Amino acid sequence: MKVAFLTPLPPVRSGIAQYSAMLLPALSGRLDVTAVVQQSLVDPRVGATIDYSRFVDIKGSYDAVICQLGNNLHHEFIFDFARQNRSIVVLHDLVLHHLIAEKTLARGNESAYIDELRRSEGALGEAYARGRAAGFHLELANFLLPAVREVAEESLHVIVHNDF
């Protein structure tokens, strides 16, 4: 089975990058697995890798795509891919709101933030997003409106770390 494995890898300083670097050699003993990254440097000990820009053109040649999804900008390309392509998502964080805020609001794109929250959290998400775009912010809202529903519903399968 030919598998694409979307993830950050060392030297990116992230727990998921470290986790993937340990998991990939074990998987490669059982599957034809290629890590798909969007970073300039990769530790060569992890095995076969390709850049995401190249993967987009050949994604149909893989039997399965596994997306390692976390809550920081190292996972932006993975989040965008998982929303648009049915894949297997390993959800490392229950809350993706922080990632969405960083990829939209932090870049001055308030309308994209409102759209993202509307898609994942409905009318309540849209109302909160409009308020946050206007300057109201409540950190607790990031957890009450986790913005994970859309990517989970679009996935073929979702793998999580625990029953909670």
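Helix H5 has a kink of about 150°, centred on Glu121; the bend at a residue is the angle between axes fitted to the seven residues ending there and the seven starting there. Helices here are DSSP runs of H or I with at least four residues, strands are E runs of at least two, and both are numbered from the N terminus. This is a predicted model, where local features need pLDDT of at least 70, side-chain atom pairs count only at pLDDT 80 or more, and totals for chains, interfaces and linings use all residues. Residues are numbered from 1 along each chain as its sequence is written, and side-chain values use heavy atoms, with hydrogens and water left out.

Back to H5: its end C-alpha atoms, for residues 110-133, are only 6 Å apart, while a straight helix of 24 residues would span 34 Å at 1.5 Å a residue (that expected span is 1.5 Å times one less than the number of residues). Glu121 itself is among the buried residues of H5, as are Tyr113 and Tyr128; buried means under 20% relative accessible area, with a 1.4 Å probe and protein chains only. Just after H5, Gly135 has a positive phi of about 115°.

Now for strand S4, residues 64-69, where 6 of 6 residues are buried. Ala64, Ile66 and Gln68 point one way, and Val65, Cys67 and Leu69 the other. In a regular strand, side chains alternate between the two faces of the sheet.

| Partner of S4 | Sense | Bridges |
|---|---|---|
| S1 (residues 2-6) | parallel | 4 bridges |
| S5 (residues 88-91) | parallel | 4 bridges |

Val3 sits opposite Ala64, and Gln68 has Val90 in S5 as its bridge partner.

Notes:
Buried < 20%, exposed > 50% of the residue type's maximum accessible area, 1.4 Å probe, protein only. Pairing = 2+ DSSP bridges.
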